[in-house]
Amino acid sequence: SVLAHRSLLIDVAAAHFGKQLKDASQTSNQKEIVRLLRALEVIEKLRGSLEGGVQEALALEAGFLELVDIF
């Protein structure tokens with residue numbers, strides 16, 4: 001289903017940023033750690049918005065714009 005695919009995509013994004021965070025923490029790159037933590041917060045906020053019934057297109061646009069702003 002579309003919802004399952006969307007959920008999987010968000011899970012993959014969270015796992016990606018989580019792995020990068022683990023790598024950054026091993027090198028003590030504080031600037032990168034902060035950016036990755038912010039990215040994970042945005043992903044979780046997006047997940048919550050989608051689960052809370054916010055219009056999908058608006059939630060996705062806002063979430064990805066926030067991610068672009070971080071990086």
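A residue counts as buried when its relative accessible area is under 20%. With that in hand, let us look at this predicted model. Of the 71 residues in the protein chain, 27% count as buried.

**The chain as a whole**

The protein chain holds three helices and zero strands, and from the N terminus on its elements run α-α-α. Contacts between residues at least 6 apart in sequence tell us about the fold: 58% of them join residues at least 24 apart. Some overall values for the protein chain are gathered here.

| Property of the protein chain | Value |
|---|---|
| Span of the C-alpha trace along its principal axes | about 40 × 20 × 15 Å |
| Accessible surface | about 4,900 Å² |
| Share of that surface belonging to carbon and sulfur atoms | 61% |
| Distance between the centres of the positive and negative side-chain sets | 6 Å |

As for charge, the protein chain carries 8 positive and 10 negative side chains.

**A closer look at Arg47**

Now to a single residue. Arg47 sits in helix α2, which covers residues 30-51. Is Arg47 buried or exposed? Its relative accessibility is 17%, so Arg47 counts as buried, given that the cut-off is under 20%.

What does Arg47 touch, once residues up to four places away in sequence are set aside? The contacts are Ser7, Ile10, Asp11 and Ala14. There is also a polar partner to point out: the side chains of Arg47 and Glu44 are joined by a polar contact of 3.1 Å.

How values were computed:
Residues numbered from 1 in each chain as written. Predicted model: local features only at pLDDT ≥ 70, side-chain atom pairs only at ≥ 80, totals over all residues. Heavy atoms only, no water. Helix = DSSP H or I, 4+ residues; strand = E, 2+ residues; numbered from the N terminus. Buried < 20%, exposed > 50% of the residue type's maximum accessible area, 1.4 Å probe, protein only. Polar contact = N/O pair within 3.5 Å; in protein donor to acceptor, adjacent residues only side chain to side chain. Contact = heavy atoms within 4.5 Å. Areas by Shrake-Rupley, 256 points an atom, 1.4 Å probe, with all protein chains shown as cover. Lys, Arg positive; Asp, Glu negative; His and termini not counted. Charge placed at Lys NZ, Arg CZ, Asp CG, Glu CD.
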